Amino acid sequence: MLSNFNQGWQPQSRPLHFSSVKVQGDRSLVAASPGKGIYHREEYGEWHRMSDGLPHESMVHRLQTMDNRLFACTSKGLYQLRDNRWENGGLAKSCYQYKEEWGYAFAATDDGLLYQIGGEWRPSAYKRTVVYDFLFTPEYLYIGLEGGVGMYDRMTDQWAGFPLGVGVTSIAADRTRLIGATDSGELVVSTGRGGFERIRFGDMFVFSVVSRLPHVYVCTDKGLFRVGWLGSRLTLFSLKPGLPVTDVDWLGSELFMATLSKGIQTMRA
């Protein structure tokens, strides 16, 4: 859980526009507001800005939590919250994602996928390429790139690339398929035949995809959806229509949605 940020802070006007959200075990919220920084709110409290330590005019791409530690992936680098202040741990490149797997810390940056060893960040893959997101499975590492999807096979120590002509900014998976969101608002879905297809749903713009097994959730400008399958055909089941949902997080069976117009919304998942 995070410490009490409200001490000595003045409440802010209620933010309505959010791009990322994380819920803590005490039901407090941390959320990024585009162009305004990061905010914290106790369960029944007011929003308080908590951007101390972040560079001026930095853009928060993602919030991430690891073992009750909070990270901000920003256009000015990767920051961790320590003693109510954001601190950079030596990664100043534009950062889009942060995860800890296989005994290492990994970061998606505008200069490839990096890993940390001995406190030093080193190149892992796709140097001089924008990496937006990555996903670990027991056998594979999938990487969302500025021009498609990369895949690393741990068993054979081999890489494979899948050019798609679009940036894959978000990656998730259910028990059968890999699913991604593109920078043009489409879904990218693995075919099960060694490739991927791009799917557009009318004028809907897909912001991101999020895994919570056994499901994948799709955040769009038309609302929140859950991926389903009719045979081999992908379909979207509407969960929260009419709101531009950009990100989701869970506490137990309760789902918290970051929206671009109605603040943080909640519902039972």
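**Entry 1: the core**

I looked up the largest nonpolar core first, and it has 15 residues. A nonpolar core here is a set of buried Ala, Val, Leu, Ile, Met, Phe, Trp, Tyr and Cys residues joined through side-chain atoms within 4.5 Å. Buried means under 20% relative accessible area, exposed means over 50%, and partly exposed lies in between (1.4 Å probe, protein chains only). Those with the most contacts inside the core are Ile179, Leu187, Val209, Val218, Val227, Leu234 and Leu236. Which strands each supply at least two residues of this core? I noted S18 (178–182), S19 (187–190), S21 (206–212), S22 (215–220), S23 (223–230) and S24 (233–241). Strands (E, at least two residues) and helices (H or I, at least four) are DSSP runs, numbered from the N terminus. In soluble globular proteins, nonpolar side chains tend to be buried together.

A note on the source: this is a predicted model, where local features need pLDDT of at least 70 and side-chain atom pairs count only at pLDDT 80 or more, while totals for chains, interfaces and linings use all residues. Residues are numbered from 1 along each chain as its sequence is written, and side-chain values use heavy atoms, with hydrogens and water left out.

I picked Val209, which sits in strand S21. Is Val209 buried or exposed? Val209 has a relative accessible area of 4%, so it counts as buried. I then listed what Val209 touches, skipping residues up to four places away in sequence. Contact means heavy atoms within 4.5 Å. The list includes Ser170, Ile171, Ile179, Leu187 and Val218. I also checked Val209 against Gly194, 15 residues apart along the chain: their C-alpha atoms are separated by 21 Å.

Next came Leu234. Leaving aside neighbours within four places in sequence, Leu234 is in contact with Ile179, Leu187, Val189, Phe201, Val227, Gly228 and Trp229.

I traced an open sheet of 4 strands with the order S17-S18-S19-S20 and antiparallel pairing. Strand S17 (168–173) and strand S20 (196–199) stand at the edges with a single partner strand each, so one side of each has no neighbour in the sheet. From one strand to the next, the twist averages 25°. Two strands pair if DSSP finds at least two bridges between them. S18 and S19 pair in the antiparallel sense over 3 bridges. Ile179 has Val189 in S19 as its bridge partner.

I found another open sheet of 4 strands, in the order S9-S10-S11-S12, also with antiparallel pairing. Its edge strands are S9 (95–101) and S12 (120–125), and each pairs on one side only. The twist averages 30° from one strand to the next. Inside this sheet, S10 (104–109) and S11 (112–117) are antiparallel over 5 bridges. Thr109 has Gly112 in S11 as its bridge partner.

**Entry 2: a hairpin and its turn**

I moved to S7 (77–82) and S8 (85–88), which run antiparallel and are joined by 4 bridges. Gln80 stands opposite Glu87 in S8. S7 and S8 form a hairpin with 2 residues between them. Asp83 is in the turn and has a positive phi of about 55°. Asp83 is exposed, with a relative accessible area of 78%.

Most residues other than glycine have a negative phi, and most peptide bonds are trans. I looked for exceptions. Asp157 has a positive phi near 60°, and it lies in the loop between S15 (148–153) and S16 (158–163). What kind of peptide bond joins Leu213 and Pro214? The bond is cis, with omega about 10°. Pro214 is in the loop between S21 and S22.

**Entry 3: the whole chain**

I counted 0 helices and 27 strands in the protein chain. The radius of gyration is 18 Å, close to the 18 Å that the globule rule gives for 269 residues, so the chain is as compact as a globular protein of that length. That radius is taken over C-alpha atoms, and the rule is 2.2 Å times the number of residues to the power 0.38. The C-alpha atoms fill a box of roughly 55 × 45 × 30 Å, taken along the principal axes. Of the 269 residues, 52% count as buried.

**Entry 4: the record**

Over residues 26–193 I read 0% helix and 60% strand, with the end C-alpha atoms 44 Å apart.

Note on methods
Axes fitted to C-alpha atoms, helices over the stretch in contact; angles between N-to-C directions.
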